[in-house]
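Biologist: I would like to go through this model with you before I set up any calculations. Please start with how you sort residues into classes.

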Amino acid sequence: HSGEARFLDAALRGARWLTQGVGVDGLWPANDYQAKATPSYYTHVAWPMLEVWKECGDERMREAAKRFLAAVLRRRRENGVFVGWGFGEGKPAFTHTIAYTIRGFQESARILDAWAEYGAPTRLALDELIRKTELSGGRLPGCFDDDWNASGRYVCLTGNAQLAICMLILESYEEDLRITNAAAKLVDFVCKKQARYLPVAAVKGGIAGSSPVWGRYMTMRFPNWAAKYHSDALLVLIKRIEQSMEHE
């Protein structure tokens, strides 16, 4: 937006460092948050690597990102789950990291103009999440195992907002207001839980990690990224609703 080269230079250095860390198998063997096993939600890392490639044309970044995306695609099960898309290996995944995995594929598909290769494979997971959203009225369980069984009786509010965005991205490729409706239900639930009346100024307008606030995701905390994704989801949803009204 600014046109200042220093920002692109910094992004370039970061993307080059990431590129150097990708092995021939497409995985990051070290120097990352989960050093023992590369989690599937690092598709959310491949996305900005490709954004930098798009600006600078360094083919090594593109190839490294594609190697990782291919490695995660090999992890997809018949039920749409991507093994390893949670924080802990073999443990249930928060909707937060599930959405990271899906969004990483979707945005990579957009940059590479390859929806069939990278975006479409997320459809099974999104179909299951859309169905569960409709059945729960937007009160989507915050954590799922690899067989889509809910783990815990709480909602990951960040994941709700993120998945709403993922659903709306899907809907942009195949117009279906039923998908928009599911996204709206997820956002509506988060809106109801927004901290609007708490006496503590620091969290006014914030979004808790979980609902109830003592749930397992960011327990008793109001992470800044929850408010960020909530705002993002609202903006995308508002734009989609306005487009729908224009067509009437």
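Modeller: Ala, Val, Leu, Ile, Met, Phe, Trp, Tyr, Cys and Pro count as nonpolar, Asp, Glu, Lys and Arg as charged, and the others, Gly among them, as polar. On that basis, the lining of the second largest pocket divides into six nonpolar, six polar and six charged residues. Please keep in mind that this is a predicted model.

Biologist: Noted. What volume does the second largest pocket have?

Modeller: The second largest pocket holds about 240 Å³ of space. It is lined by 18 residues, of which Gly84, Gly86, Gly88, Glu89 and Gly90 are the closest to its centre.

Biologist: And the largest pocket, what is its volume and which residues line it?

Modeller: Its volume is about 280 Å³. The lining consists of Ile165, Leu168, Ile169, Glu171, Ser172, Glu175, Val236, Lys239, Arg240, Gln243 and His247.

Biologist: Which elements give two or more residues to that lining?

Modeller: Those elements are α7 (157-173) and α9 (224-247).

Biologist: How does the lining of the largest pocket divide by class?

Modeller: Four of its residues are nonpolar, three are polar and four are charged.

Biologist: Now helix packing. At what angle do α1 and α2 cross?

Modeller: The axes of helix α1 (residues 5-21) and helix α2 (residues 43-56) cross at roughly 125° and come within 10 Å. That angle makes α1 oblique to α2. The crossing of α1 past α2 is left-handed.

Biologist: Which residues meet there?

Modeller: From α1, Leu8, Ala11, Leu12, Ala15, Leu18 and Thr19 meet Val45, Met49, Val52, Glu55 and Cys56 from α2. The contact of α1 with α2 has nine nonpolar residues, one polar and one charged.

Biologist: What about α2 and α3, at what angle do they pack?

Modeller: Helix α3 (residues 59-73) packs with α2 at an angle of about 155°, and their axes are 8 Å apart. Angles over 145 degrees count as roughly antiparallel, and α2 and α3 are therefore roughly antiparallel to each other. Here too the crossing, that of α2 past α3, is left-handed.

Biologist: And which residues make the contact?

Modeller: In α2 they are Thr43, Ala46, Met49, Leu50, Val52, Trp53 and Cys56, and in α3 they are Glu59, Met61, Arg62, Ala64, Ala65, Phe68, Leu69 and Val72. The contact of α2 with α3 has 12 nonpolar, one polar and two charged residues.

Biologist: One last topic, the backbone. Is the peptide bond from Ser211 to Pro212 cis or trans?

Modeller: That bond is cis, with omega near 0°. Pro212 is placed in the loop between β4 (210-211) and α9.

Biologist: What is the phi of Trp148, and where does the residue lie?

Modeller: Trp148 has a positive phi of about 65° although it is not a glycine. Trp148 lies in the loop between β2 (143-144) and β3 (155-156).

Notes: Residues numbered from 1 in each chain as written. Predicted model: local features only at pLDDT ≥ 70, side-chain atom pairs only at ≥ 80, totals over all residues. Heavy atoms only, no water. 1 Å grid on protein atoms, 1.4 Å probe; cavity = no way out; pocket = protein on both sides within 12 Å on 5 of 7 lines; lining within 4 Å. Points joined across faces, edges and corners; volume = space filled by probe spheres on them. Helix = DSSP H or I, 4+ residues; strand = E, 2+ residues; numbered from the N terminus. Axes fitted to C-alpha atoms, helices over the stretch in contact; angles between N-to-C directions. Parallel < 35°, antiparallel > 145°, perpendicular 65-115°, else oblique. Left-handed = near helix turned anticlockwise from the far one by under 90°. Contact = heavy atoms within 4.5 Å.
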